[in-house]
Amino acid sequence: MASVGKILRRTFLIGSAAIVGGVAFGTYYVTRPAANPLKPGEGEAALNPFVLIDQNGVTLFAPRAEMGQGVRTTWAALIAEELDVDLDQITVLHGPAAAAYYNSALVGEGLPNKGYDISNFQHNLGEALGVLGKTLSLQVTGGSTSMKDGFDRMRQAGASARETLKRAAADRLGVDPSDLKTASGHVIAPNGDKIAYSMLAEDAAGLEPVEVPLRDPSEWRYLGQSQPRLDMVGKATGTAEFGVDVRLPGMKFASVRMNPKLGGAMNGFDDSAARSMPGVEKVVDLGTGVAVIASNTWLANQAVEAIDVDWGDAPYPPETEGIFAKIAEAFDDAPNSTMRDDGDVSAGPENATEITAEYRVPYLAHATMEPMNATALFTGDALELWCGNQAPTLIQFRVANTAGLDTEAVQIHTTYLGGGFGRRGELDFGEIATKVAMAMPGTPVQTTWSREEDMRHDYFRPGAIARMRGAVQDGTAVLIDGKVAAQSPTQQAVERYTGFPGGGPDKVLVEGFFNQPYAVPNYRMSGHIADLAVPVGFWRSVGNSHNGFFHETFMDEMAHAAGRDPLEFRLDLMKNEHAPSAGCLEAVKEMSGWAGQTTEGVGRGVAFTYSFGTPVAQVIEVVDEDGTIRISKAWIACDMGLALDPENVKAQMFGGMMYGLSAACFGEITFAEGEVEQFNFPDYDAMRIHTAPQVEVRVLETNRHMGGAGEPGTPPSMPALGNALFDLTGKRARSLPLINQFNLLV
């Protein structure tokens, strides 16, 4: 058996007295999209990468990282629904790095359309293009695509397994398969006798997998219902293994220190003080930084800080204002993309009231609760890497190149991850851990970034500026002309992943900006890419995160200029453009008892963002408590099209909103002398229990297609809060974070 298969099987066969065989099923076998990474050994069979049955029961190999979005539980429910097994009969493991685990939904999301108004042809085209994920080996967790990716594939795998097991049972019993039934992991004979799937697995392994139509949703037992999270017990008891929990025999520990002037060179260093510390075993020259290998992480942290390093300058303006001046310069150039250009914005309609506004948002860190880390074991001709990551195949390629190995010689073990938000889709932490391990072949080394080193060396959400011009007439919007300028995380990421510069129109730069379902006759939205070398990356909800703030704050300003209630103003523009989006606004209106007026000392704001296929509306309420402003309540309505686990969707909407509120209130990465000024949570704060609002979430299901859940809760939270503060104070928030302008409760 191949080494990948050995490791995985060893993991889930612990405690097994004997192995009688296994079999796996699914459309994968028919279409053969990529090689199966689960190589069977003697007496075993694994015909596809997702489902394996042996005497231990059913094992699902879930190739998407469990980032708190409940992918393991819902994917297990998808399998169980068709396979006729109970949820507690399924063991869920993370799959290895393999092209077979490509994300089928990610590529289609990149098509240049608004999403909410796509035709069935465009939708089907997007799904068809998903197969490109195979050729690109895009085993990626991101873009709020996990459920869309697994919805058909997992059910097909379960259905195929069920019918093939029935065929094996029919052959054994000498009956027609149609005379058999299945339930709770058994095939049931016409006389009521039961044969466990595990007893049929070896026979079924020799059969051609059977493909059948999927069940009608009216027959579902699990989907559409809320299920207990399979990862809940481990996380609640502290037994779940995150990256920092990995422990291996003979393990050493390392810490790193990179140039605080991001992207600058390392001119030299004096490590004599670090080398003299008892327990320090090695100082590693990484070329662009240093690492110390020691007997424990704390010592490694102390030692690496004791190294005297001569750092080169950063390749960007050293101060924050200089960086934003470069961003503003991008407006002088032609736009990279103008993905919406309706009507004519060159001149406003006659007698219309014109308004303009400029907005600005800062750079942001991902601030994962578990600092970046990875454990590597390099033996000279092979490498194993343990880490929480969002892109196993990509990190496999990168570390293989780093170690000078073929990808087949590299095994990636994906653990739970203590916060991803896009940060763990980067490859740097795996690459550096590999370099450190290569300095001590044969010894597993866990490399952990200190919180300070982690926060100062992120791939940040880019700072951005928006210049908005609009016009209202007769109580409605008749013109919106928006321009946004920012660095492009997409182009930077393409270059980091491939070595080739990214190019072409950037949809991510203007998402949440051009694709909002408002029927405004003159509507143009453009994106300008700022030429800067500050490292930037994919932050939760990516471009929507800042464009949602720009668009919905300006929409609020337009509503007030028109003399209209902000919610009704939006609703009138939306109800004939996209009914599900209007339904979300109607829902938060009803949930919050929105009356268009607030009492003294109370402010309410509404905002809406369509992102990742999901419309989300939010109303946030703030109260003035003796001069301190507290966020008291929040109402969220989203339309998932199909909510596979409604309570899980609510949890994600809540989490996304809290992540956005944290950024809106406190998040800010600034630069001085080329270095990031924020080091840790005391200067990069987040919402706490006592500052969090009471939240009510409603999940609607009228949208034509299934939307994502992990990110869409974030974008509308920031403008909803800013609009609430305007309602309370009369002061318009045109920049973030809000703590710089308002006396918020901390």
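Which residue in strand 6 is the bridge partner of Val187? Select Val187 and look across to strand 6: the partner is Ile195. Keep in mind throughout that this is a predicted model.

**Stop 1**

Now widen the selection to strand 5 (residues 186-188) and strand 6, which pair in the antiparallel sense over 3 bridges. They belong to an open sheet of 3 strands in the order 4-5-6, with antiparallel pairing. Strand 4 (181-183) and strand 6 (194-196) are the edges; each has a single partner strand, so one side of each has no neighbour in the sheet. From strand to neighbouring strand the turn is 30 degrees on average, direction ignored.

Two helices come next. Select helix 6 (residues 146-173), which lies across strand 4, strand 5 and strand 6 and runs at about 50 degrees to strand 5.

**Stop 2**

Select strand 12 together with strand 20 (residues 522-529): the two pair in the antiparallel sense over 5 bridges. Within this pairing, Asp342 has Tyr523 of strand 20 as its bridge partner. Stay on Asp342 and show side chains. Asp342 also forms a salt bridge with Arg340, where the closest N and O atoms are 3.1 Å apart. Is each of these two residues buried or partly exposed? Asp342 counts as partly exposed because its relative accessibility is 29%, while Arg340 has 4% and counts as buried.

Arg467 is in strand 18 (residues 464-473) and Glu358 in strand 13 (residues 353-361), so far as sequence goes 109 residues apart, and the pair links distant parts of the chain. Both residues are partly exposed, Arg467 with a relative accessible area of 34% and Glu358 with 43%.

**Stop 3**

How many salt bridges does the structure hold? There are 41. Side chains of opposite charge can pair when their charged atoms come close.

Select Arg456 and Glu675, a salt bridge with closest N and O atoms 2.9 Å apart. Arg456 sits in helix 14 (residues 451-456) and Glu675 in strand 25 (residues 675-676), so this pair ties together parts that are 219 residues apart in sequence. Arg456, at 11% relative accessibility, counts as buried, whereas Glu675, at 21%, counts as partly exposed. The cut-off for buried is under 20% relative accessible area.

Then select Glu66, Arg229, Asp231 and Lys235 together; salt bridges link these four residues in a network.

**Stop 4**

Select helix 13 (residues 428-438). Of its 11 residues, 8 are buried, so the helix is largely enclosed by the rest of the structure. The buried residues are Asp428, Phe429, Gly430, Ile432, Ala433, Thr434, Val436 and Ala437. Show what they pack against: strand 7 (252-258), strand 10 (289-294), strand 14 (373-378), strand 15 (383-387), helix 12 (392-403) and strand 17.

From strand 17 (residues 445-448), pick Thr447. Thr447 is buried, with a relative accessible area of 0%. Leaving aside residues up to four places away in sequence, Thr447 touches Ala254, Val256, Met372, Asn373, Ala374, Ala433 and Val436. Ala433 and Val436 are among the buried residues of helix 13.

**Stop 1: a helix pair**

Last, select helix 18 (residues 566-574) and helix 19 (residues 579-592). How do they cross? Their axes come within 9 Å and cross at roughly 155 degrees, and the two helices are therefore roughly antiparallel to each other. The crossing is left-handed. To see the contact, show Leu567, Glu568, Arg570, Leu571 and Met574 on helix 18, and Ser581, Ala582, Leu585, Glu586, Val588 and Lys589 on helix 19.

Notes
Residues numbered from 1 in each chain as written. Predicted model: local features only at pLDDT ≥ 70, side-chain atom pairs only at ≥ 80, totals over all residues. Heavy atoms only, no water. Buried < 20%, exposed > 50% of the residue type's maximum accessible area, 1.4 Å probe, protein only. Helix = DSSP H or I, 4+ residues; strand = E, 2+ residues; numbered from the N terminus. Pairing = 2+ DSSP bridges. Axes fitted to C-alpha atoms, helices over the stretch in contact; angles between N-to-C directions. Contact = heavy atoms within 4.5 Å. Parallel < 35°, antiparallel > 145°, perpendicular 65-115°, else oblique. Left-handed = near helix turned anticlockwise from the far one by under 90°.
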